[in-house]
Amino acid sequence: MDVFDEDAVEPFNLKDDVDDSDDDEEEFDDFDDDDLEDASEDDVDLVIALYREDGKATAVPLDFELANDLDELIRQLSRLPGDSGADGWVSVAGEFFVLCRVRGRTVEVLLSDATAANDWPLARDVVDYLGEEVPDEDDDSFPIGDLELYAASGLRGFELEAIATDYDEDSDVLLGTIAKKLKVGPEFDRAAESFDD
C-alpha cells in the first residue's frame, strides 16, 4: 500500500535523470510520457468518483481530463467529503479501467491492463506510480495493482481479477459489473449517464 504525499508529487519524467545529449534523448524517447497522446473527450468512457457521506453511497461524474493525469485525479479525490475517503473509477476507449482509492495520505490503485501503458498516459502513470516496468506492446494483457481493493466490501481479489481480465468486454461495462457487486449499481449508472451528457 502506497502513501501519497501531495507536497512531494512531481510529474514523472525519465529525462530528469538523463544526460542532455541527443543520443540519450533518442534512447529514452520511447519511454517519455510526452510521447503519449492524451485521451480526448471522445476517448474517455467515464470518470466517476464514489464515496459515502453520512453512510450514503454517492457517485458523481468528474472532468474527463482526469483520465490523463493520475496525480491530479488523486488530488481531486482527496478533496471529496467521503466518510472514509473516495474512489475514482476511470474507463478509457473501452480498453482498460483504473480504480483509485484515496484515504487521507493512503492511495491504492489498480490498472486492469498494464499493456495500456504503451498507449495511454493514465495507464503509464499507474505503472510508474507502482514502480513497475512498462510491459512490451506484444506482452499478454494483465492487471497490476491492488486486487484486494474491495475485499473488505465483499469483492475478493480473485473475483476482481476475473472481472479485470475479461478483455472481451468493454472496460466501462466491467466497471458497471464491479458497481453491482459492491451494491452501488444505481449510483454508478446515474453518474455514468450524467458523464455522457
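This briefing walks through the aromatic pairs and salt bridges of the structure above. The model is predicted, so local features need pLDDT of at least 70 and side-chain atom pairs count only at pLDDT 80 or more, while totals for chains, interfaces and linings use all residues. Residues are numbered from 1 along each chain as its sequence is written, and side-chain values use heavy atoms, with hydrogens and water left out. There are two aromatic pairs and three salt bridges to look at.

**Aromatic pairs**

- Rings of Phe, Tyr and Trp (its six-membered ring) pair if their centres lie within 6.5 Å; planes under 30 degrees apart count as stacked, over 60 as edge-to-face and the rest as tilted.
- Trp89 and Tyr150 make an edge-to-face pair, with 6.2 Å from centre to centre and 65 degrees between the planes.
- Trp89 sits in strand β4 (residues 86-92) and Tyr150 in the loop between β7 (144-145) and α4 (157-164), so this pair ties together parts that are 61 residues apart in sequence.
- Helices (H or I, at least four residues) and strands (E, at least two) are DSSP runs, numbered from the N terminus.
- Trp89 is buried at 1% relative accessibility, and Tyr150 is buried at 2%; buried means under 20% relative accessible area, exposed over 50%, and partly exposed in between (1.4 Å probe, protein chains only).
- Trp89 also pairs with Phe188: the ring centres are 5.7 Å apart and the planes stand at 50 degrees, so this pair is tilted.
- Here strand β4, holding Trp89, is linked to helix α6 (residues 185-196), holding Phe188, so the pair ties together parts that are 99 residues apart in sequence.
- Phe188 is buried as well, with 4% relative accessibility.
- Together, Trp89, Tyr150 and Phe188 form one aromatic cluster.

**Salt bridges**

- A salt bridge is a side-chain nitrogen of Lys or Arg within 4 Å of a carboxyl oxygen of Asp or Glu.
- Asp87 bridges to Arg101, with the closest N and O atoms 3.0 Å apart.
- Asp87 lies in strand β4 and Arg101 in strand β5 (residues 96-103), so the bridge ties together parts that are 14 residues apart in sequence.
- Asp87 is buried at 8% relative accessibility, and Arg101 is buried at 11% relative accessible area.
- Glu72 and Arg75 form a salt bridge whose closest N and O atoms are 3.2 Å apart.
- These two residues, Glu72 and Arg75, are three residues apart in helix α2 (residues 70-78), which means about one helical turn separates them.
- Glu72 is partly exposed, at 25% relative accessibility.
- Arg156 meets Glu159 in a salt bridge of 3.4 Å, N to O, and Arg156 is partly exposed at 47% relative accessibility.
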